[in-house]
Amino acid sequence: MSTSVLRTADAWWVQTPTGAVRIDTAATTTRQLLADRDAIARAAAGSETVAVDSLSLVSPVTSPCRVVAQMTNFASHVKDSGMDPATVPLTFFRKASGSISGPQDDILRPAHVQLLDYEVEIGIVFGRDMPVGSDIAAENLTEFIAGLVVTNDVSARDVQLPKTQFYEAKSYPTFTPVGPALVLLDADELRRFGDLRLRLWVNGQARQDMTVADMIYRPVEALRALTRFQRMQAGDLLLTGTPVGTALSAPPKLAEIIGSLLPPKTKWKMFFRRQAENPKYLRDGDVVEAAIRTDDGAIDLGRQRTVVRYAR
């Protein structure tokens with residue numbers, strides 16, 4: 001049975017049907033907490049609760065840590081980007097862990113960023129070290145994956161695209177809201193990974209709504225590829241891609257052909273002029289909500305609510 005772990009500035013908690021039970025642990029990092037499973041189990045059986053709504057939640061994934069992300073990993077998103085899912089390779093990029101923020105924290109847009117986008121993603125939190133060369137298989141996946149979290153891979157598209165600079169565009173402070181809960185899963189629950197539905201709303205309007213059935217590379221394939229070159233440790237985070245519905249989408253074919261004939265400076269000037277008219281990019285005061293769960297509610301990673309704030 002899944003266990004939902006919450007975190008406040010001064011404590012860790014287990015969410016129960018009647019409220020949150022404080023975990024009696026000296027752990028200050030996610031890595032340390034995952035090594036103290038007995039304390040988590042004791043809290044899950046406890047009865048002294050406080051109301052979850054009374055807690056000021058912060059990210060259940062602590063930093064510093066490694067944050068790795070999969071690129072264009074949902075077929076619908078790949079098609080919307082003008083590519084063929086059958087030819088898209090399994091690729092990764094890094095985000096700075098300083099971008100991690102809480103599930104209720106504001107998303108802060110730097111003054112020089114104009115095209116602020118959202119991407120709801122399932123975050124995998126590692127439960128043990130995964131050295132380069134680790135043997136990853138469906139049978140031992142739960143040895144490496146402790147649990148899952150809701151994440152939002154916030155992106156500055158006007159930094160990302162002309163510079164092909166994913167690291168900067170996705171690493172500004174508050175550009176990775178995480179939580180509300182780190183949901184620890186057993187082997188049977190992890191096998192239901194494909195049943196999870198990712199949803200995101202802006203000001204109550206649905207923008208993204210898709211199940212993992214649309215995902216191209218699942219965790220087994222991703223971890224096999226990642227372990228060829230990247231060491232991961234307990235408490236590190238892997239973002240697994242986003243479905244269709246982001247503000248950014250590929251230009252029509254004719255516009256793409258014409259754009260390819262133009263000098264780069266002219267092409268990008270025209271592109272950003274068109275994108276500036278796109279109402280889907282995040283504006284000052286927008287409320288972004290993201291949630292991930294199975295349709296039957298058996299696995300529920302919770303719902304985060306963040307507000308966009310523009311730097312003045």
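The exercises below, each with a worked solution, concern a predicted model.

**Exercise 1. The buried face of a helix**

Determine which residues of H2 are buried, and where they lie around the helix axis.

Solution. 
- Step 1: Ala-39, Ile-40 and Ala-43 of H2 are buried.
- Step 2: Viewed down the axis of H2, the buried residues fall within an arc of 100°, so they line one face of the helix. An α-helix has 3.6 residues a turn, so residues three or four places apart point the same way.
- Step 3: Exposed residues Asp-38 and Arg-42 are carried on the face of H2 turned away from the buried side.
- Step 4: The packing partners of the buried residues of H2 are E1, E2, E3, helix H1 (30–34) and E14.

**Exercise 2. Aromatic pairs**

Classify two of the three aromatic pairs found in a search of the whole structure, and state whether each ring residue is buried or exposed.

Solution. 
- Step 1: A pair of aromatic rings is described by the distance of the centres and the angle of the planes.
- Step 2: For Phe-92 and Phe-229 the centres are 6.0 Å apart and the planes are at 55°, so this pair is tilted.
- Step 3: Phe-92 is in strand E6 and Phe-229 in the loop between helix H8 (219–226) and E17; the two are 137 residues apart, and the pair links distant parts of the chain.
- Step 4: Phe-92 has 19% relative accessibility and therefore counts as buried, whereas Phe-229, at 51%, counts as exposed.
- Step 5: For Tyr-172 and Phe-175 the centres are 5.3 Å apart with the planes at 70°, so the pair is edge-to-face. Both Tyr-172 and Phe-175 are buried.

**Exercise 3. Charges over rings**

Over which rings do the charged ends of Arg-7 and Arg-109 sit?

Solution. 
- Step 1: For Arg-7, the ring is that of Trp-12, with the charged end 5.6 Å from the ring centre.
- Step 2: For Arg-109, the ring is that of Tyr-310, and the distance to its centre is 3.5 Å.

Key
Residues numbered from 1 in each chain as written. Predicted model: local features only at pLDDT ≥ 70, side-chain atom pairs only at ≥ 80, totals over all residues. Heavy atoms only, no water. Phe/Tyr/Trp six-rings, centres within 6.5 Å; stacked < 30°, edge-to-face > 60°. Helix = DSSP H or I, 4+ residues; strand = E, 2+ residues; numbered from the N terminus. Buried < 20%, exposed > 50% of the residue type's maximum accessible area, 1.4 Å probe, protein only. Lys NZ or Arg CZ within 6 Å of the ring centre and 35° of its normal. Arc of directions from axis to C-beta. Contact = heavy atoms within 4.5 Å.
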